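Dear colleague,

My notes on it follow directly after.

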Amino acid sequence: MKQKKDVQQGTLALMVLKTLEVLGPLHGYGIARRIEQISGDLLSVNQGTLYPVLLRLEQEGAVASEWDSSENNRRARFYRLTRAGRKLLGAEKRDWEKTAAIIARFFDVKAKDLA
Amino acid sequence: MRALHRFFRRVLNFASGRRGDERLREEIESHLATQTEENIRAGMAPEEAGRNARLKFGTVQAVRQDYHAETGLPFLEDLLLDIRYALRGLWKSPAFTLVATLTLMVGIGANVLVFGVVNAVLLRPLDVSEPQNIYELRLKPWTAWKLLTTSYPAFEDYQRRNTTFSGLAGFDGYSGGRLRWGNAVKIVSGYSATGNYFDLLGVQPTVGRFFREADVHGPNSAPYMVLSDSLWRSAFNADPGVVGTTVRLGKDPFTVVGVAPPQFHGTERFVWPDYWIPVVNHFNAEYLRDRTGHPLTVFGRLKPGVTPRAGRG
């Protein structure tokens with residue numbers, strides 16, 4: 001059976017930021033749902049772990065939140081990206097791509113390239 | 001910047017006692033309800049739908065803990081809890097608390113005392129020239145063990161009639177007040193001393209000069225101040241330029257004339273003065289004529305060849 005992958009430290013915050021950038025203001029459940037959909041059930045994330053991450057992002061000033069009513073008329077707290085959050089997302093994205101590119105190069109290397 | 005932002009929010013939450021608990025509870029509730037609804041719409045039985053929602057959410061307790069740790073300053077909160085717990089423990093066993101406190105008090109007290117004595121007697125004895133010739137004058141039985149023995153007129157009489165000492169000087173260790181210079185203020189205590197005090201002891205200033213007998217011409221004639229080395233360092237940054245500046249002791253202006261050497265800390269064992277001023281600028285004219293008070297400690301240097309025994313006669 002294929003093992004679901006545990007989410008890496010810090011990447012959850014990045015996923016949250018990206019989700020909010022793409023979809024605009026969203027409540028916790030919505031964010032959890034999107035992450036699940038996009039990762040195609042490859043990730044095992046307890047949805048609950050999202051909330052401490054959201055709080056942390058809010059305390060850092062990357063997102064802001066307020067109570068509102070959701071699409072099915074339930075009270076829910078909506079999170080939206082702030083300007084600082086947008087900047088943070090950009091920086092994190094570049095970082096991530098750089099790291100990924102470096103690792104990719106190591107994987108591509110063959111013995112003859114190093115001769 | 002982000003870390004700072006986050007830190008301030010945490011401090012704020014901690015200080016205001018705000019806990020995110022209520023908000024988190026509502027959010028979890030709303031989350032589970034939405035998930036359950038969605039599950040039902042997908043065809044699950046209501047009971048199964050609720051169970052599945054809770055499973056997906058994970059352990060509420062763990063989430064709550066993480067959330068709470070992020071809200072405030074868990075380290076400080078734990079510390080406060082620990083302190084409260086310790087105090088409760090102490091309160092519950094008063095006998096133990098009392099004994100422990102007393103033990104600590106006696107231990108610390110004894111150490112302070114022993115160090116004080118060792119410091120004053122062994123490490124820093126009176127540093128003047130030929131100290132073996134210097135004697136305090138206590139002429140009446142009641143003056144034994146007392147520091148303040150003599151009125152200023154009586155001191156002047158002794159000085160005039162003295163034959164056994166090459167000189168007599170007096171001081172009063174109970175001067176003190178607010179010292180002001182520039183924009184700074186410091187509570188200090190020091191000596192007032194007769195004009196010949198430093199000359200008689202044979203101490204040399206490190207900076208500037210000391211006040212002398214020749215400076216003194218009756219009440220309020222010598223507004224001069226000598227600083228102790230420690231005050232000079234702690235309050236004036238060991239600035240030699242302090243000589244010649246004016247400071248205020250209480251309301252009275254004094255000109256700083258010099259600084260005493262570091263080894264010289266007055267003529268008492270345990271009370272070290274911050275400064276010295278002349279007696280004539282410490283006592284007012286009336287008190288300088290008063291024979292009923294006895295504000296001075298008098299000491300003298302025996303003439304060469306006079307034994308202490310002969311001096312006692």
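Which helices and strands each supply at least two residues of the lining of the largest cavity? In this predicted model, they are helix 2 (28-38) and strand 5 (75-81) of chain A, together with helix 2 (21-41) of chain B.

Cavities

The search of the whole structure returned two cavities of 30 Å³ or more. The largest cavity holds about 70 Å³ of space. From chain A, its lining includes A:His27, A:Gly28, A:Tyr29, A:Tyr51, A:Trp67, A:Arg75, A:Ala76 and A:Arg77; from chain B, it includes B:Glu27, B:Ser30, B:His31 and B:Thr34. Helix 2 of chain B provides the largest share of this lining, with four residues. Sorted by class, the lining comprises four nonpolar, five polar and three charged residues.

Two of the lining residues of the largest cavity, A:Trp67 and A:Arg75, also interact with one another: A:Arg75 lies over the face of A:Trp67, at 4.2 Å from the ring centre.

The second largest cavity contains about 40 Å³ of space. The residues that line it are B:Tyr152, B:Ala193, B:Thr194, B:Gly195, B:Glu213, B:Val216, B:Pro278, B:Val279 and B:Val280. Six of these residues are nonpolar, two are polar and one is charged.

Chain A

Chain A contains five helices and five strands, and along the sequence they follow the pattern β-α-β-α-β-α-β-β-α-α. Of the 115 residues in chain A, 40% are buried.

Three strands of chain A form an open antiparallel sheet in the order 2-5-4. Its edges are strand 2 (26-27) and strand 4 (63-69), each of which pairs on one side only. Strand 4 and strand 5 of chain A are antiparallel and are joined by seven bridges; A:Val63 has A:Leu81 in strand 5 as its bridge partner. Strand 5 of chain A is also one of the elements that supply at least two residues to the lining of the largest cavity.

Strand pairing in chain B

Strand 2 (residues 165-181) of chain B takes part in several pairings. With strand 3 (residues 184-193) of chain B it runs antiparallel over nine bridges, and B:Ser175 is partnered there by B:Gly190. These two strands form a hairpin with two residues between them, and B:Gly182 in the turn has a positive phi of about 55°. Strand 2 of chain B is also antiparallel to strand 9 (residues 297-302) of chain B, with six bridges joining the two; here B:Gly167 stands opposite B:Arg301. Two further bridges connect strand 2 of chain B to strand 6 (residues 246-249) of chain B, again in the antiparallel sense, and B:Arg180 has B:Arg248 as its bridge partner.

Which residue of the hairpin of strand 6 and strand 7 of chain B takes a positive phi? It is B:Gly250, with a value near 65°, in a hairpin that has two residues between the strands. Strand 6 and strand 7 of chain B run antiparallel and are joined by four bridges, with B:Val247 opposite B:Phe254.

Strand 7 of chain B has other partners. It pairs with strand 4 (residues 207-208) of chain B in the antiparallel sense over two bridges, where B:Gly208 stands opposite B:Gly258. With strand 5 (residues 224-227) of chain B the pairing is parallel, over four bridges, and B:Met225 is partnered by B:Val256.

Aromatic residues

How many aromatic pairs does the structure hold over all chains? There are 18. One of them is formed by B:Phe264 and B:Trp276, which count as stacked because their ring centres are 5.3 Å apart and their planes lie at 20°. This pair links distant parts of the chain, 12 residues apart: B:Phe264 is in the loop between strand 7 (252-259) and strand 8 (275-278) of chain B, whereas B:Trp276 is in strand 8 itself. Both residues are buried.

B:Phe264 and B:Trp276 also belong to one aromatic cluster, together with B:Phe171, B:Tyr191, B:Tyr197, B:Phe198, B:Phe210, B:Phe211 and B:Phe299. Elsewhere in chain B, the charged end of B:Arg209 sits over the ring of B:Tyr224, 5.4 Å from its centre.

With kind regards

Notes: Residues are numbered from 1 along each chain as its sequence is written. Chains are lettered from A and ligands numbered from 1 in the order in which they are written. This is a predicted model: local features need pLDDT of at least 70, side-chain atom pairs count only at pLDDT 80 or more; totals for chains, interfaces and linings use all residues. Side-chain values use heavy atoms; hydrogens and water are left out. Rings of Phe, Tyr and Trp (its six-membered ring) pair if their centres lie within 6.5 Å; planes under 30 degrees apart count as stacked, over 60 as edge-to-face and the rest as tilted. Buried means under 20% relative accessible area, exposed over 50%, partly exposed in between (1.4 Å probe, protein chains only). A charge sits over a ring if NZ of Lys or CZ of Arg is within 6 Å of the ring centre and within 35 degrees of the ring normal. On a 1 Å grid over the protein atoms alone, a cavity is a set of points where a 1.4 Å probe fits but cannot get out, and a pocket is an open set with protein on both sides within 12 Å along at least five of seven lines; lining residues have an atom within 4 Å of a point. Grid points are joined across faces, edges and corners, and a volume is the space filled by probe spheres set on the points. Ala, Val, Leu, Ile, Met, Phe, Trp, Tyr, Cys and Pro count as nonpolar, Asp, Glu, Lys and Arg as charged, and the others, Gly among them, as polar. Two strands pair if DSSP finds at least two bridges between them.
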